[in-house]
Amino acid sequence: VGAAAVELGKAKLELLQAKFMGGLKVAAGGVELGEVYKKQGRYADALPLFQAALAVHEEASDVGSPLPQMAADHNNIAACLKNMGHRRFEEAEMHYKHALRIREHHLGPGHADVATAKHNLATLMQTMHRFKEAMVLATSALEIRKVQMGAEHATTVVTQGLVDHLKKDLLRESLGG
């Protein structure tokens, strides 16, 4: 993802802003550009675009009933914060938890997207050395993925790898190292 993608995203966002003066279409354009920045590792540039999209979606949602898109907004914000470093981990945790709650609310507890939300939160917990919490989330995500996608599916294998790594982390932690 190169400079041309950024310029195209910026141009599209400017056109949407001029035509629609805010709202859901502008939020979608901001998310697209934010995704380009995120792929480039430009998390500080992506973050305000994802935050703006969340604000638009919050305004458009009914009180107490978040829009499904808000789960993606929270996930994108959390991913940026996680990748920006340890000083932002607690904020990232809050957003990953919001994404999980919204997905569970809209999709049910056994949906593949709920497994993804649990997996994402588990990786953050692992990064924060909160291995027991990470293991609970990762194990739950693995069970969902096995049922929804099968044991051989690529995302199931990735989550199995996370669970295996967490077992080693927990063993190392129990041995004092």
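Angles between axes are sorted as follows: under 35 degrees counts as roughly parallel, over 145 as roughly antiparallel, 65 to 115 as roughly perpendicular, and the rest as oblique. The model is predicted, so local features need pLDDT of at least 70 and side-chain atom pairs count only at pLDDT 80 or more, while totals for chains, interfaces and linings use all residues. Residues are numbered from 1 along each chain as its sequence is written, and side-chain values use heavy atoms, with hydrogens and water left out.

**Stop 1: the whole chain**

Select the protein chain. It contains eight helices and zero strands; helices (H or I, at least four residues) and strands (E, at least two) are DSSP runs, numbered from the N terminus. Of its 177 residues, 40% are buried. Buried means under 20% relative accessible area, exposed over 50% and partly exposed in between (1.4 Å probe, protein chains only).

**Stop 2**

Select helix 3. At 1.5 Å a residue, its 18 residues should span 26 Å, and its end C-alpha atoms are 25 Å apart, which agrees. The expected span is 1.5 Å times one less than the number of residues. Buried residues in helix 3 include Leu47, Phe50 and His57.

The axes of helix 3 and helix 4 come within 9 Å and cross at roughly 155 degrees. Axes are lines fitted to C-alpha atoms, for helices over the stretch in contact, and angles run from 0 to 180 degrees between N-to-C directions. Helix 3 and helix 4 are therefore roughly antiparallel to each other.

**Stop 3: helix 7**

Select helix 7. At 1.5 Å a residue, its 19 residues should span 27 Å; the end C-alpha atoms lie 25 Å apart, which agrees. Its buried residues include Phe131, Leu137, Ile144 and Arg145. What covers the buried residues of helix 7? The cover includes helix 5, helix 6 and helix 8. Step just past the end of helix 7 to Gly150, which takes a positive phi of about 95 degrees.

**Stop 4: helix 6 against helix 7**

Show helix 6 as well. The axes of helix 6 and helix 7 come within 8 Å and cross at roughly 155 degrees. The two helices are therefore roughly antiparallel to each other. Their crossing is left-handed; that is, the near helix is turned anticlockwise from the far one by less than a right angle, whereas clockwise would be right-handed. Among the residues that meet here are Ala115, Leu121 and Met125 in helix 6 and Ala134, Leu137 and Ala141 in helix 7.

**Stop 5: the core**

Which residues touch the most other members of the largest nonpolar core? In this core of 39 residues, they are Leu121, Leu124 and Leu166. A nonpolar core is a set of buried Ala, Val, Leu, Ile, Met, Phe, Trp, Tyr and Cys residues joined through side-chain atoms within 4.5 Å. Helix 7 gives the most to this core, with eight residues.

Select Leu121. Leaving aside neighbours within four places in sequence, Leu121 is in contact (heavy atoms within 4.5 Å) with Glu93, Tyr96, Lys97, Leu100 and Leu137.

**Stop 6: Val36**

Finally, select Val36 in helix 2. Val36 is buried, with a relative accessible area of 15%.
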